[in-house]
Amino acid sequence: MSISSISRILSLSITPKTSKISTLHFTTSLSDNLYTHLQNSPHNVETALNLIKPKLDSKCVTEVLNKCTPGNIQMGLRFFIWAGYQSNYRHSSFLYGKACKLFNIKQNPYVVLDLFEAYRVENCVVNIKIFKVVLNLCKEGKLANEALLVLRKMLEFNIYADGNAYTTVIRLFCDKGDMDMAQTLMREMSLNGLYPDMITYVLMIKGFCDVGRLEEACRLFKEMKGHGCVPNVVAYSALLDGVCRFGSAERALELLEEMEKEGGDCSPNVLTYTSVIQRLCEKGRTIDAFAVLDRMEACGCAPNRVTVSTLLKRLCVDGHMEDAYKLIDRVVLGGGVSYSDCYSSLVVCLIRVKKFEEAEKLFRRTLLSGVRLDGLACSLVIKELCLKKGVLDGYCLYDEIEKIGFLPTIDSDIYSILLVGLCQQGHSVEAAKLARSMLDKGIHLKRLFVGEVVEHLEKFGVAELVTD
């Protein structure tokens, strides 16, 4: 089997499986009933819906939205907003995302703003809950400018924005990198008698750090203390990440020490330490990264797998394999991470820095020692083996792992790659054995390859597998 053929198989994604779930009768009836009311009341649909007082759930809401698209987008949007502020129901983040896709809000953002003109023309009662649902739609669609226009429209309906509404819009401008507008909105909050909370401050600090405006982030950090908003580990970590990226390593270590001295809610946790270690490793400052690991352990904070993987990757890039093994022994002795996790991470790191021969040797040596490697490590090694040496070598390794008796959860793609490759190269015994193993484990072949595999298995004289 040629490398190009294997590469083609490896690049194909799994066809999603469609499960047949029976629709409950009462849910279907409710969605039909709601949709009928929407159609019979094209104006002020909210009043008609309020007469029903339904017990909503996400499935029912989704069904109504599907009925409204693509022909009645405005109606569907008004239903979605009405449902979002009912007392017995709240939209999930997933449903906000689905609504954005169904109503094509990212490509046609003004469909949201047109709602308020319809409310005005029909003399609908508009409250702050409606605005918050719309702002959440803007947040999901990453529509910063439109969210600002929605915020401004509140006064047109004699509604005053609260802190949460401002924070939603500030978040969008921070994500967009427009810190000047975010700062303007924060000042506007104060003029309206609203005080930023911890969430707002953290968003602003992170936003300034993301665009490299470190001095302003530090100034805001000090300002929040003066306004009675005591920094916690989240605020410190946001600033610390910015200092690591755009400041000096020395300043980052000073800030980390400040957190350690503050203690309490400011004490750095495993995420804080790991973030600093990651940034230092990215800059090639391995010695400083290990110094942070020393401090981390001294403070009684055990490194996790992400911490170890970050350091292992840096050591692999630098070619310091002896130090990598010493690190593994050290963290396992500390009780934070197991040998299985560490060696699995090391194998993955070696593959990702293009050192497959070392990864394969380590993989085989680890298997013989009895250490269980995880599914990701096994999948990547088999996949690379198929590409570099051939599908039969990949299968032999798979078979070797299974014989040892602790085959982990391998990506289902790998089974399909192996089976198709074995069939194409005429390895009938191995193909039949793997097909039987897949049946026993309940692993499905990618639909794209079913016809081809069935044809080969019939030629191999194992028709009973095809039937199964």
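D210 is partly exposed, with a relative accessibility of 34%; the class lies between buried, under 20% relative accessible area, and exposed, over 50% (1.4 Å probe, protein chains only). This is a predicted model, in which local features need pLDDT of at least 70 and side-chain atom pairs count only at pLDDT 80 or more, whereas totals for chains, interfaces and linings use all residues. Residues are numbered from 1 along each chain as its sequence is written, and side-chain values use heavy atoms, with hydrogens and water left out.

D210 forms a salt bridge with R245, the closest N and O atoms being 2.7 Å apart; the term denotes a side-chain nitrogen of Lys or Arg within 4 Å of a carboxyl oxygen of Asp or Glu. The pair links distant parts of the chain, since D210 belongs to helix α12 and R245 to helix α14 (residues 233–246), 35 residues apart. Helices are DSSP runs (H or I, at least four residues), numbered from the N terminus. R245 is partly exposed at 25%. Both residues belong to a salt-bridge network that also includes K206, D241, R279 and E282.

R213 and D180 form another salt bridge, with 3.2 Å between the closest N and O atoms. R213 lies in the loop between α12 (198–210) and α13 (214–226) and D180 in helix α11 (residues 179–191), so this pair ties together parts 33 residues apart in sequence.

The largest nonpolar core has 161 residues, and F79, F80 and L346 have the most contacts inside it. Such a core comprises buried Ala, Val, Leu, Ile, Met, Phe, Trp, Tyr and Cys residues joined through side-chain atoms within 4.5 Å.

Key:
Helix = DSSP H or I, 4+ residues; strand = E, 2+ residues; numbered from the N terminus.
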